[in-house]
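Let's walk through this protein together, one piece at a time. Keep the sequence and the model open as you read.

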Amino acid sequence: MSCAYSSALPDPKVEDTLCRNILIYGNCRYEDQGCTFNHDQNKNSSQADFPKKAFNVESPSFTPSSQAQVAAKKSTLSSQAANAAPFTPRGVGTPSMQQTAETSVFNPAAIREFTPQNYDIGNANSNGVPQENGIYNDPFTMSSMGAALPAAGQYNLYASDHNALATSGAQFFPQHGAFPTGPLQPPNYHLYQPYDTYRQDLQPWQRATYDFFMPAKMREELQKKMFATQQVMPNSGLPQLERWHSLFPLDTNNRKNTSSFGYSSWVYKAQNSRTGRHYALRRLEGYRLTNEKAILSVMKEWKKIRNANIVTVHEAFTTREFGDSSLIFSFDYHPLSKTLQEQHLQPVHGSRYRAPSSLPENVLWGYICQITNALKTIHSNKLAARCLEPSKIIISDNNRIRLSACSILDVVQFESNTKSVQELQQEDLVKFGKLILSLTTTTPPAHLNNIPAALESLAAKYSANLRDAVAWLIAPPNQGEPKSIENFISGIASHMTTFFDLALQDNDEKQFHLARELENGRAARIMMKLMTIVERGELGGAQAWSETGDRYQLKLFRDYVFHRVDADGKPNLSIGHMLSCLNKLDAAVDEMVVLTSRDNETVFVLTYRELKQMFDRAFNELVKHSKTGAPGANN
């Protein structure tokens, strides 16, 4: 038998290799039987050392030299290294502090709130590092970011598009300070939601919630107008006049225009300190009054004019509170009004500016009838409007227009005017025709260069009757027989009757809604009186005054009206039940009502007439103990 490794290693130089049996067992049993390996341990010791070191069980394991150096360095650290503070990079806002073995325990309360770094704008040294007073600067406050934000443009408070108001140069009066740059807050009012129950789901005798109140759209319009009336502008820089305060600019265009009156004009809303009412003040900038009769005589005639299509003028006066000599006219204030130019002659905003669309013919006839009504009143009083421009005629409601700049030119041109009243009235008719022509062609009057061509274009869009009416107004008057507004009224009599019928229908609709609100007003008054009685504590030395005598029945009646529940204990929120009970109490009907205490131990069977007597006695007692005597409380 040969050696076990002889066949595995057929290398010709194997005889120079030490036999593995010598290394393992100390001898080789095949040494004399033909083993070709070297059996002399002292031979080739340099070659024998490597396998001995590599395979000897007492040899140390292999260790790289780089790791050995690291281990040598680690061995120099003391046993206290485990308690050392964790590594903290510089500049992250964490102050260095000495930690002991006791403080190494995790404590969530000691963790500081995260503060973003490198966002400071105003102070470069406020990167979350505590200041001397121990207060941290918040880099995200608006005070610190204000310096980096772009300067906002001035704010036009009465423009239609509130998203594009902060434009550069939207400052009406540069000499009186800037306007606030913040957005307008929405009106703080509540609108009844009309979409609660579908009409088809109700029985014929049932009513929805909004059936008891005016339409939501009408309520919203009225409340927006009330909000605009009470709107003020703090720190506006506008002066306070002798009898006027809380001036508020109404112009939506900050460009000066002198084409209408010869002077730059501005419009404000202001409150009269004597009457408490709000008025519209039109100011002519830089006007110097040379003759006081210009105001006295003109205002005396114009203050007599009362017409539904004319903004009533009240007075005119001069002032120097604006830093110059200004002439101011006070008119009735119609909130949220727009001019005809803003409504119909402004380019439409969109992807591109495009011309406004043509007006419907029925709207145009409505404007014609209303302006005719205004001129009829003015000419009958031997006056002339003189200012029939789209920028001086306002729309205060649904297609309801008013002439808003009457009497101004009579004062401004009091001495320079050389024309008679008849000539000025003839000019009114011509301006009237040009105004309607500019509305039909959607072209400002100043750009109507070719009037015959504009008249011919009306035949393609409107009736011949409208074209003939405009042509009659624009035509120059005859020398023998001048035109008059009465002649024009006779020519459009059929349209006047149509408009009159529409006005009556609109009046009937508003009367209907007013009647419903009248019932709501009665209910509101009696409910306010009832709330002043129930749940009241001491009165006139009597403890728990509202829980004794007649007041206790009124408290149970309050629960019957407002705290009613159904058979399942769910709240009954029927508005019809509440309004019916309050109206019966106000009318003192003889109908019986059952009142039960909350513990079901006491039951009262009373009529509304008896409840009304209790109600009056309790409220009169409150009036008696009132300090002011409650004047008008029983109204």
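**Starting from a helix**

Thr377 sits in helix α8; helices here (H or I, at least four residues) and strands (E, at least two) are DSSP runs, numbered from the N terminus. What you're looking at is a predicted model, so local features need pLDDT of at least 70 and side-chain atom pairs count only at pLDDT 80 or more, while totals for chains, interfaces and linings use all residues. Residues are numbered from 1 along each chain as its sequence is written, and side-chain values use heavy atoms, with hydrogens and water left out.

Is Thr377 buried or exposed? With a relative accessibility of 19%, Thr377 counts as buried, where buried means under 20% relative accessible area, exposed means over 50%, and partly exposed is in between (1.4 Å probe, protein chains only). Leaving aside residues up to four places away in sequence, Thr377 touches Ile305 and Asn307; a contact here means heavy atoms within 4.5 Å. Move on to Asn381, in the loop between α8 (361–380) and β7 (393–397). Asn381 is partly exposed, at 36% relative accessible area.

Two strands pair if DSSP finds at least two bridges between them. Find Ile395 in β7: it is the bridge partner of Lys338, and in β8 it is partnered by Ile401. The hairpin of β7 and β8 has two residues between the strands, and Asn399 there takes a positive phi near 60°.

Now for the charged pairs. Side chains of opposite charge can pair when their charged atoms come close. Counting a salt bridge as a side-chain nitrogen of Lys or Arg within 4 Å of a carboxyl oxygen of Asp or Glu, the total comes to 20. One of them joins Asp410 to Arg386, with the closest N and O atoms 2.9 Å apart. This pair links distant parts of the chain, since Asp410 is in helix α9 (residues 408–412) and Arg386 is in the loop between α8 and β7, 24 residues apart. Both partners count as buried, Asp410 at 15% relative accessibility and Arg386 at 8%.

Another salt bridge runs from Glu220 to Lys224, where the closest N and O atoms are 3.3 Å apart. These two are separated by about one helical turn because they lie four residues apart in helix α5 (residues 216–230). Glu220 is partly exposed at 27%, and Lys224 is partly exposed at 35%. There's also a network of salt bridges that links Glu535, Arg558, Asp559 and Arg598.

Finally, how far can you trust the model? The average pLDDT (the predictor's confidence in each residue, from 0 to 100) is 76, and 68% of the residues score at least 70. Over residues 1–10 the pLDDT is below 50, and this stretch has 12 contacts in the model beyond near neighbours in sequence. Residues 70–75 also have pLDDT below 50, with zero such contacts. Where pLDDT is low, the predicted coordinates should not be read in detail.
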